[in-house]
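User: Please take me through this model by question and answer, with the cut-offs behind each term.

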Amino acid sequence: MSQISEVTLDLEELKKLRDIAERKSVQEFLDIQIRKTADCLERLKVQESLQSSIPTQNKTPDSSSRVYTVTLRTYSWDQSDNFLKLYVTIPGLKPSDEAKVKGEFGDNSVSLTVHDVNGKNYQLTINNLAKKISPDKSYCKTKSEMVVLMLRKEHVGHSWKYVTAEEVKIHEKNKVDTSDSIKDDPSSGMMDIMKRMYDDGDDSMKRMLNKTWYETQHKKMDGFGGMPPMDDLGI
């Protein structure tokens, strides 16, 4: 299994654990781990994309002046009270290449174009930001191997949980599905979540869930018989 596949599975497991975590300290810890794992996955995808876009070494004389365009779809991000910051990796870029870097900003969009860095152009476009930004106060910084897109938040001090509106939509859909399940039958809803984690998890995850299930139900068994072990649920 490739490294990208492994990290993708790790990220999925962390998100599942975050969904069922109830204690704030555990939720915050998982949020940090999810962010770190997601950033790691994005870097791996960028590296893979760049490697696949490297032209062959045996060029004809006519092709020596060709410039290849790489479409970027991954980035890391962070935020402050004033700005959402997108970190875009551009191999070979130098701070002195500022004239080659162009950022365009709209109320809900951002576009980055980097011209002719080691024979390649780079493009990144996001047309559906999760929230509005102030285009006239947004800008980009040219650094070594990287461009930082500084998106000025329209509402200063408001925290962004996601970068794009599509990510928000997916999160809200999952939230509604889970909430409806728990609302109809809270016990069944949690059982469904744990069953999915059990089905998708490796042996270590299954052992952990069995231990957690046993300890939780053992505390509830005082005269009520508790709930059946996960194996009896057909898991």
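The turns below cover strand pairing, a loop serine, and the aromatic rings.

Analyst: This is a predicted model, in which local features need pLDDT of at least 70 and side-chain atom pairs count only at pLDDT 80 or more, while totals for chains, interfaces and linings use all residues. Residues are numbered from 1 along each chain as its sequence is written, and side-chain values use heavy atoms, with hydrogens and water left out.

User: How many residues of strand β6 are buried?

Analyst: Strands here are DSSP runs (E, at least two residues; helices are H or I, at least four), numbered from the N terminus. Buried means under 20% relative accessible area, exposed over 50%, and partly exposed in between, with a 1.4 Å probe and protein chains only. Strand β6 spans residues 120–126 and is mostly covered, the number of buried residues among its seven being five.

User: In which sense does β5 pair with β6, parallel or antiparallel?

Analyst: Two strands pair if DSSP finds at least two bridges between them. β5 and β6 form a hairpin with two residues between them, and Asn118 in the turn has a positive phi of about 55°. Val110 has Ile126 of β6 as its bridge partner, and over six bridges the sense of the β5 and β6 pairing is antiparallel.

User: Which backbone nitrogen does the side chain of Ser138 reach?

Analyst: Ser138 lies in the loop between β6 and β7, and its relative accessible area is 9%, so Ser138 is buried. A polar contact is a pair of N or O atoms within 3.5 Å; within protein, one must be able to donate a hydrogen and the other to accept it, and residues adjacent in sequence count only if both atoms are side-chain atoms. The Ser138 side chain reaches the backbone oxygen of Ser134 at 2.8 Å. At 3.0 Å, that side chain also reaches the backbone nitrogen of Arg152.

User: Why does the pair of Phe83 and Tyr139 count as it does, and what is its class?

Analyst: A search of the whole structure finds one aromatic pair. Rings of Phe, Tyr and Trp (its six-membered ring) pair if their centres lie within 6.5 Å, planes under 30 degrees apart being stacked, over 60 edge-to-face and the rest tilted. Because the ring centres of Phe83 and Tyr139 are 5.8 Å apart and their planes stand at 80°, the class is edge-to-face.

User: Which residue lies over the face of Phe83?

Analyst: A charge sits over a ring if NZ of Lys or CZ of Arg is within 6 Å of the ring centre and within 35 degrees of the ring normal. Phe83 is buried at 13% relative accessible area, and the residue over its face, at 5.5 Å from the ring centre, is Arg152.
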